[in-house]
Amino acid sequence: MIIVQSPLRISFFGGGTDFPDYYLQEEGCVLSTAIDKYIFVVIKQRYDDKLRIGYTRTEMVDQVDEIQHELIREALKLTGIKKGVEITTMGDIPAGSGLGSSSAVTVGALHAMYTFLNENVPASRLAREACEIEIERLKKPIGVQDQYISAFGGLRFIEFKRDGSIHVHPVVLEPALKRRLNESLLIFFTGVTRQADSILSEQQQNIQQRLTILREMKDMAKTAHQELLRGNVDVLGNLLHESWLLKKQLASGISNGMIEEAYQAARSAGALGGKIAGAGGGGFLLLYCPYEKREAVRKALSNMKELPFQLEPDGSKVIFNYRR
């Protein structure tokens with residue numbers, strides 16, 4: 001039995017510039033971090049040749065092509081496993097909540113399968129092959145940042161180049177500064193999960209009409225990266241607010257009345273800025289809040305469940321590997 005733990009993520013800046021349709025033309029970048037909330041993928045040998053896949057439902061099939069869980073099916077095809085395994089996935093948060101769970105499943109599944117095959121695969125390959133599965137094989141209208149942050153972990157500045165290359169840079173902060181950043185970030189669950197594909201499809205279709213906005217968002221990611229390295233953590237709050245105003249223009253459905261009401265209540269209580277994590281429309285509301293204002297913000301959003309979290313230094317990793 002092998003268990004792989006792959007982290008979820010919070011993307012601060014630059015989301016949308018990681019779509020291949022954008023960065024192969026303009027280049028892009030994001031500032032993103034892994035958090036200590038995870039997808040777990042378990043794989044074990046079966047006593048027979050069947051394939052059993054467990055998630056919110058259970059599948060028992062004879063052939064890989066019969067599997068309906070498309071991420072697991074394509075990961076099995078890519079790694080070449082054809083029979084005789086049980087695979088189970090589980091997560092710390094509900095699917096469709098904007099923290100990159102689908103890509104964490106794909107990265108974790110590949111990691112578990114390669115470990116099962118006794119292959120030691122680097123994070124760059126896990127991320128690249130997860131992108132191949134989600135974007136090239138399954139034609140999902142998504143970017144590439146989620147796969148890379150789940151595979152690599154940590155706080156990262158990630159660049160997407162015109163030649164298709166992707167460069168992952170660690171953002172190294174002094175422990176006190178990292179702690180201050182973590183303490184200034186709050187996440188609240190809106191109570192709404194959603195399928196992001198419709199919002200992301202519209203966002204992808206709008207890229208050519210939103211180039212100016214995407215360039216501004218890319219510049220904000222670069223500015224935030226530099227300010228962090230200078231130790232100016234609180235600048236992120238104001239930049240998040242400016243970036244949220246831009247993000248809402250990328251597609252309809254990113255925000256709504258409920259989200260705006262909660263965001264304005266948080267700002268009135270002292271939050272400097274924030275955004276909806278992921279594509280939008282629901283999921284988690286991320287806020288940057290000075291330490292002394294945190295309780296006021298919590299009180300203002302008392303109807304929403306807070307998700308306590310820490311920044312996660314590690315990417316996808318094997319946490320259990322037992323062979324008889």
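A salt bridge here means a side-chain nitrogen of Lys or Arg within 4 Å of a carboxyl oxygen of Asp or Glu. Arg215 makes one with Glu26, and their closest N and O atoms sit 2.7 Å apart.

Before going on, some ground rules. This is a predicted model, where local features need pLDDT of at least 70 and side-chain atom pairs count only at pLDDT 80 or more, while totals for chains, interfaces and linings use all residues. Numbering runs from 1 along each chain as its sequence is written, and side-chain values use heavy atoms, with hydrogens and water left out.

The domain assignment, which comes from an automatic or database source, gives domain 1 (2-172 + 312-321) and domain 2 (175-306). Their C-alpha centres lie 24 Å apart. Counting contact as heavy atoms within 4.5 Å, domain 1 puts in 33 residues and domain 2 puts in 36 residues.

Buried area is the accessible area (1.4 Å probe) that two parts lose on being put together, summed over both. For domain 1 and domain 2 that comes to about 2900 Å², with carbon and sulfur atoms giving 70%. On the domain 1 side, Phe12, Phe13 and Pro141 lose the most area to domain 2, together 22% of what that side buries. The rule finds one salt bridge across this interface, while the structure holds 23 salt bridges.

Another salt bridge joins Asp146 and Arg9 (2.7 Å, N to O). This pair ties together distant parts of the chain, with Asp146 in helix 5 and Arg9 in strand 1, 137 residues apart. Helices (H or I, at least four residues) and strands (E, at least two) are DSSP runs, numbered from the N terminus.

The search uses a 1 Å grid over the protein atoms alone: a cavity is a set of points where a 1.4 Å probe fits but cannot get out, a pocket is an open set with protein on both sides within 12 Å along at least five of seven lines, and lining residues have an atom within 4 Å of a point. Points are joined across faces, edges and corners, and a volume is the space filled by probe spheres set on them. For residue classes, Ala, Val, Leu, Ile, Met, Phe, Trp, Tyr, Cys and Pro are nonpolar, Asp, Glu, Lys and Arg are charged, and the others, Gly among them, are polar.

| Space | Volume | Lining by class |
|---|---|---|
| Largest pocket | about 1100 Å³ | 16 nonpolar, 21 polar, ten charged |
| Largest cavity | about 60 Å³ | five nonpolar, three polar, two charged |

The largest pocket is lined by 47 residues, and Gly96, Gly100, Ser101, Ser102 and Ser103 lie nearest its centre. Elements giving two or more residues to that lining include strand 1 (2-13), helix 3 (101-116) and helix 5 (145-152). Helix 3 supplies the largest share, four residues. Domain 1 and domain 2 each give at least three residues to the pocket lining.

How many cavities of 30 Å³ or more does a search of the whole structure find? One. Among the residues lining the largest cavity are Phe12, Phe13, Trp244 and Lys275. Helix 9 gives the most, four residues. Both domains contribute to the lining of the largest cavity, so this cavity lies between them.
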